[in-house]
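Work through these exercises with the structure open beside you. Try each task before reading its solution.

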Amino acid sequence: MARPLAGLPRRQRLIGLWLLLSGVSLFGGATFALWLDTLFQPQGIARLVLWAGCFSGGGTIFLVGLLLERQLFTPLRHLQVQLARLVANPDARDDYPPEGWLRSLGPDLVRVREAWRSDRARLATAHAEGARSAARIRQELETLLQVLETPLLLCDHHRRILLFNQAAETLFEEHSGLGLGKRLETLLPAASLQDALGQLPADGTPREVLVPSGERWLRAMLRRVPGSHGETLLTLADTTAAWTSEMGARAELLDGLPRLRRHGASLTSAADALSALPEGEADMRRRLEGVIEEESQALGHDIEGLAGLVERMQQEGARLVPLWSNDLWASLNERLPADRQITAVGMPAWLKGDAIALLVLLESLLERLRDTLGEIPLEGEVCLGNRRVYLDLIWPGAPLTERQLGEWQQRHLASLPLNPRVADVLRQHASDAWSLADGDGEHARLRLPLPAAERVGAPRPATPPRPEFHDFGIAELPAPDAELAARPLRALEVVAFDTETTGLELRRGDTVISIGACRIVNARLLASETFDLYVDPGKPIPPASTAIHGITDDEVEGAPPLSVALPRFRDYVGDAVILAHNAAFDLLALQPPGAGIELDMPVLDTLLISRALDASLDGHDLDTLAERYDLSFPPGTRHTALGDARVTAELWLSLLPRLEARGIDTLEKALTLQASALNKEDACAS
């Protein structure tokens, strides 16, 4: 069991003891001098010597204490801070060179620092050759992961995720179950998948499983990595469209074919019977003609239905994908000469289409327009209809004739496979083409109605490459079901979090307005696997609080209430240990009476741990500790929930080597240590 760490006494205690001894000595000296003065009544120098001698003891204590504080105790505390910073980060800056009576240690401390850094440099050089090759392989792997369009996951034998790529991140966008070290069953909780994983052959033979994921169906190809320690590679594909087509339009088409055959057989039989009917059988002839007419109408009706099914199958095809109109115009302009560019006007929108086929189609139509109208400026606009999106080409002048459009639709597009006509590509998109005049009487447009995509808002900007798509060291961590209390600190999955509130009086109605968190896996801070959410407090934010964290009423308007935000945060935490700075305040903020969600996992508190490690040092607030361990807040992130959570996570990683140096290397020991530093002030804001 960890015990409270011994060290220098608290500065306040030393100063208090020093002032108490000095005061008692001075008071005693004054009393004694007054008694002697009354008893002997000395005069002149004798009286002065009497009073000076009686005050000398207290004065000496005061001066010696002042000398010790300036020349010994303050330099010792600075040396303690510098050593703590060196242990946490050997490359940290040197802000506290030895001073006072410890000044002579300066060259020795510099020598120790330089030797330490030199040894680390030589060690790094010794590993450079092997590391260079490993770095090249790692870089190639990361590049491959980023550009590979097939979503893939790599799991260890405990089914913890060791690797995923950007395509998988896109596939499981906003799913809290995706992340390094997380269990696969939180992402794909399908019994069929779990059964298949347990029966995979070790030679890498693939097994295919269809698994549900929300409202989608995913085809998962599973392979055991040969020669590994039970690692499994999963490649995924979204088969929802194909599955819907199989169960929808395709199934209806297959169901309709027998009816067509029956109608055809009935018509053939009736026609044969009618042709073989002798003269004079007028009644039978009328009955057979009625059968033929009835079957013909039914056949025509079923053929119309068949055409509708084919149109649905074309719209459900995997080639029709969501397209952002601005991207479509930009791609079209890349194919056109510089003097024939299309000017995009109006508001951009999403539509569905086969991008390559649409570009070739538009290029052909533009060529026909310029051949017919000459070199005139052309504009492109996308207009929203009730259930369709209208893609328009606009020019100054009159509309085109139906004859012109009919001729254009019969032209072949030689650059596309199978040499389709313009009409074929339009039919693929369940579209047509017509021309109409604008209301201003000066412009006309060629209009193509296209399927609308169920998306809103502009596309997200491309995310920069991130360094935490894989961590094979996770496979070496203890089993997920191992005893948590005995787990090494470096093997813990930790979620560092922070909150911003409407004020500090949580028991008097102040509440959460922002929650931020980040994850540490295998003693590594994952920069992009974060949680950042505004919370609607249900009341105005006081201006005094906005002045600190910068969050306004407009920013939290429309945000989820705490009753909705807290379950999301709980899902993000999963099985991790949570970490905060002055955790008592943040836990009280997140769990007001009646919250309904209990954060019952172990809690680490960097405030208490720092206080237990360095009881003799003043200042354990987040700003002081960030300065002490050479950590920094990026501009504008202090007093934001996510910004403070990131620095808290970095602070924990800086404290780790100091804890391990004292034998505090398990969760149980760390919790015991921080409990020793708990006092009644720990529910205040950090």
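**Exercise 1. State the accessible surface of the protein chain and the share that belongs to carbon and sulfur atoms.**

Step 1. The accessible surface is about 36,500 Å². Accessible areas come from the Shrake-Rupley method with a 1.4 Å probe, and for residues only the protein chains shown count as cover.
Step 2. Carbon and sulfur atoms hold 57% of that surface.
Step 3. Keep the source in mind: this is a predicted model, where local features need pLDDT of at least 70, side-chain atom pairs count only at pLDDT 80 or more, and totals for chains, interfaces and linings use all residues. Residues are numbered from 1 along each chain as its sequence is written, and side-chain values use heavy atoms, with hydrogens and water left out.

**Exercise 2. Describe the confidence of the model along the protein chain.**

Step 1. Start with the term: pLDDT is the predictor's confidence in each residue, from 0 to 100.
Step 2. Its mean for the protein chain is 81, and 85% of the residues reach 70 or more.
Step 3. Look at residues 1–6, where pLDDT stays under 50. The model has twelve contacts (heavy atoms within 4.5 Å) for this stretch beyond four places in sequence.
Step 4. Residues 243–248 also stay under 50, with eight such contacts.

**Exercise 3. Summarise the fold in numbers: helices, strands, buried residues.**

Step 1. The protein chain has 21 helices and 17 strands. These are DSSP runs numbered from the N terminus: helices are H or I with at least four residues, strands are E with at least two.
Step 2. Of the 686 residues, 41% are buried. Buried means under 20% relative accessible area, exposed over 50%, and partly exposed in between (1.4 Å probe, protein chains only).
Step 3. Take the contacts with a separation of 6 or more: 65% of them join residues 24 or more positions apart.

**Exercise 4. Which residues does I61 contact beyond its neighbours within four places in sequence?**

Step 1. Find I61 in helix α2 (residues 45–88).
Step 2. Its relative accessible area is 30%, so I61 is partly exposed.
Step 3. The contacts are W18, L21, S22 and S25.
Step 4. Check one distance: the C-alpha atoms of I61 and L19 are 8.9 Å apart, although 42 residues separate them along the chain.
Step 5. Now turn to L17, which sits in helix α1 (residues 11–40). L17 is partly exposed, because its relative accessibility is 47%.

**Exercise 5. How many aromatic pairs does a search of the whole structure find? Classify two of them.**

Step 1. The search finds five. Rings of Phe, Tyr and Trp (its six-membered ring) pair if their centres lie within 6.5 Å; planes under 30 degrees apart count as stacked, over 60 as edge-to-face and the rest as tilted.
Step 2. For Y390 and W434, the ring centres are 6.5 Å apart and the planes stand at 65 degrees, so this pair is edge-to-face.
Step 3. Y390 is in strand β10 (residues 388–396) and W434 in strand β11 (residues 434–437), so the pair ties together parts 44 residues apart in sequence.
Step 4. Y390 is partly exposed at 23%, and W434 is partly exposed at 32%.
Step 5. For F531 and Y572, the centres are 5.5 Å apart and the planes at 40 degrees, so this pair is tilted.
Step 6. F531 is buried at 11%; Y572 is buried at 7%.
Step 7. Both belong to one aromatic cluster, formed by F497, F531, F569 and Y572.
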